[in-house]
Amino acid sequence: MLLPLGVEAQSVGVVMSGGGAKGLYHIGVLRALEENGIPIDYISGTSMGSIIGGLYASGYTIEEMEQVALSGDLERWVSGGIDDKYSYYYAKRDDISSMIRIPIGPSDEADIASGRRRVILPGSVMNTSEIDLALNSFFTQASTGAGGDFDRLMIPFRCVATDMSQHKAVELRSGDLARAIRASMALPVAFPPIEIDSVLMCDGGCYDNFPWKSLDEGFHPDILIGACCTDMGTALSKNASVVEQVMSLITMPSDFNLPEGRSVFIQRAVDASVLDFGSAATIMAAGYNDALEAMPEIKRLIQRRMTAEEYAARRREFRSRCPKAQIGEVAISGLNEGQREMAERMMNIGHTRANDTLPMHAEELSNNYLSMLAREVVRSEFPTFTYNEDTERYDVSLALSARPNFDIAIGGNISSTAFNQAYIGLEYGWWGRVEQSFNLDALLGPVYTMARLKGRTTLIYDAPLYFDYSFNFNIHNTLKGNFGNLTRVDNAEQMRMMETFGSLTVGSAMSRKSVAELTLNGGRNSYSYAMEGYDKRQYTHFSYVSPEISIERKTFDKSLFPTRGSHLSASAIYVYGRDKRNSKRTNMVPAPNDHVDMIRQWWGVRVQWEHYINFAPKGAFILGYAAEGVYTNHPKFDSYEATMLSSPQYAPLLHSRMIYMPEFRADRYVGVGVMPTVRLYDNLYLRLSAYAMLRDKYRGEIMHYMSDLSLIYHTPIGPISLALTKYDFRSDKNLYLTFNFGYAIFGDKGLHY
């Protein structure tokens, strides 16, 4: 048996494998080592192992690392989007939910020079903007404190990336620590590769997923402790994810054979996918327990110990060398002059901040930067933070590029009822000193058809100011078709309503999630309905102008079937118009009211509130509640049917918007609802919705009810729902069963509500 060297001379190196979310296993291993006083003198890692090793080498405590792992941030970052808290509601307020968006534009410099456009396919699954900023936040100060030399971190550190051109592993030992770790973790397909010294690099696990030789040759530690969270070459499961399949194809075998007599190998094939960051607590516990099991052997090899006070003193000493995260100059490249000026206004930098003498902190820059990226007008590369010793601040270089200015959106709804829809949208936009976009939206369906031509001009100030202008054409037709009824129906009627109107809106974003708007609509509504005493359908045409003033705040996590957030809106309207009906009785004597030409005018107010609260971890139980109140002095038209069709509608359920039910249309009403929701599994939910409406008497009743029980599954391209819907609880009639896949789409109303 080989005995270790003298206690004072012993040095210990820790090596950590990659593995995506499985790599959180290493945090548990590090906790067990610290709690047992095992010293760590050198550390190396690949991919997720490089992140954990880098955090530890940069002076983060085990508790801080666990907090990051359990915060949910990692899970959100790998979801491929930017946190919705950074987006502006006004920018998406009138967007139509689509299943697929296809950007079209120049893909490279040759295309730009020739003016050629093509479909732009994504280079990776994940949007890494938040990850890139997080890595800079974690490592930039430590990198500065070490002077760019990874040997001068709190613990000397190495990480491994893959040179994509030379097909070989590259040891990274100096430079920008955040960029080095970002290269080491760039899983092909999942994350885009990154350049270091003009070399394109990706995940180090492709060629060395366990870099013990790099650490051993560089630092010559007396004892090696290896932590591996993967199966070390076991056959891939047939249920493996796309990322796991690609990694299996391109990953070269790694050497996990540590030198005998001076090493301890801690290993488990963690039962999780590479992106399963939601299982962080379980994964870390597995690493901790496995390290404790190996502790007798570790202590036999290593007699040297470090106390908790010594660990803390080492961290304090290193952190004292790390400067504060204050921002100096911010330089933007890749945009033209007008676009750069707009980007500076979006981020509150450059001349817009010239009179602000206080330094910008890194967190403020990150918030502003992500807010700009959330507008989806630019694409970003990995940002660079460089410490300026003269100003004692970090100068930042942002490499941006304007995203393609032409998009095609495809979507709609596949239904077991007549409410099938096919949607296509075209968007063309550009931006410089102002942001400009034009949209053409077309929706076809037997029940609801819509066409919209819309433009928007946006001026970016502290509070963005925007001007919307549109031409809208909507047809709602319930004359025929099945709506999923299981029982006899006595509350729904046939009607056809056609809206043609123009709209002009001036709005301002009062905050990221709230807007104030002034809108003027003008157009004509045409109503077709059956009228007692006539054997042919009647037609009422109402030409109008209608201003609206409104404020709105919305933070829903999903556009349809939300599970988190709230929606508050308040508005006031005025309507002035002319009601015309020219009818000729058949088989009856003509009456004086066959020819109607009357001025109708009214005003109204509406307040809406909807809120979803999570009462259990991971959204296992969600309680939603809603309230809506409308008051108008809506006049009676010459026919009861035209009066109902032009009145405000209470339609909180998706199904209630598909059909025409006079009992839920009234001049004034109050509606309330509760929506308890249970999360059954991942994106699968069971939701019960129950609503009550108080209105003036209709068929002798002032209270009217609707409810549904829905099974909902949120797919990446749209929700799937199976709903059992009931109206009128006092009878066994009006029961419906519907299946929908996609986004049921409804256009704006010319009369607002």
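**Figure 1. The largest cavity of the predicted model.** In this predicted model, the largest cavity has a volume of about 260 Å³; a cavity is a set of points on a 1 Å grid over the protein atoms alone where a 1.4 Å probe fits but cannot get out, and lining residues have an atom within 4 Å of a point. Grid points are joined across faces, edges and corners, and the volume is the space filled by probe spheres set on the points. The lining comprises 24 residues, of which Met48, Ile51, Leu74, Met185 and Phe277 are the closest to the centre of the largest cavity. Two or more lining residues come from each of helix 2 (48–57), helix 3 (62–70), helix 4 (73–77) and helix 7 (129–145), where helices (H or I, at least four residues) and strands (E, at least two) are DSSP runs numbered from the N terminus. By class, 22 of the lining residues are nonpolar, two are polar and none is charged, with Ala, Val, Leu, Ile, Met, Phe, Trp, Tyr, Cys and Pro counted as nonpolar, Asp, Glu, Lys and Arg as charged, and the others, Gly among them, as polar. Residues are numbered from 1 along each chain as its sequence is written, and side-chain values use heavy atoms, with hydrogens and water left out. Because the model is predicted, local features need pLDDT of at least 70 and side-chain atom pairs count only at pLDDT 80 or more, whereas totals for chains, interfaces and linings use all residues.

**Figure 2. The second largest cavity.** Strand 21 (496–511) and strand 22 each contribute at least two residues to the lining of the second largest cavity, which includes Met497, Glu499, Asn525, Tyr527, Arg665 and Lys749. The lining of this second largest cavity divides into five nonpolar, four polar and three charged residues.

Figure 3. Apart from neighbours within four places in sequence, Ser514 is in contact with Ser508, Ala509, Glu552 and Arg553, contact meaning heavy atoms within 4.5 Å.

**Figure 4. Gln267 in strand 10.** Gln267 lies in strand 10 (residues 263–267) and is partly exposed, with a relative accessible area of 30%. A polar atom of the Gln267 side chain lies 2.7 Å from the backbone oxygen of Thr230. Beyond neighbours within four places in sequence, the residues in contact with Gln267 are Tyr25, Cys228, Thr230, Asp231, Met232 and Asp290.

Figure 5. Most residues other than glycine have a negative phi. Phe561, in the loop between strand 23 (538–554) and strand 24 (565–582), has a positive phi near 60 degrees and is buried at 13% relative accessibility. Asp682, in the loop between strand 27 (668–681) and strand 28 (684–698), has a positive phi near 45 degrees and is partly exposed, with a relative accessible area of 38%.

Terms used. 1 Å grid on protein atoms, 1.4 Å probe; cavity = no way out; pocket = protein on both sides within 12 Å on 5 of 7 lines; lining within 4 Å. Buried < 20%, exposed > 50% of the residue type's maximum accessible area, 1.4 Å probe, protein only. Polar contact = N/O pair within 3.5 Å; in protein donor to acceptor, adjacent residues only side chain to side chain.
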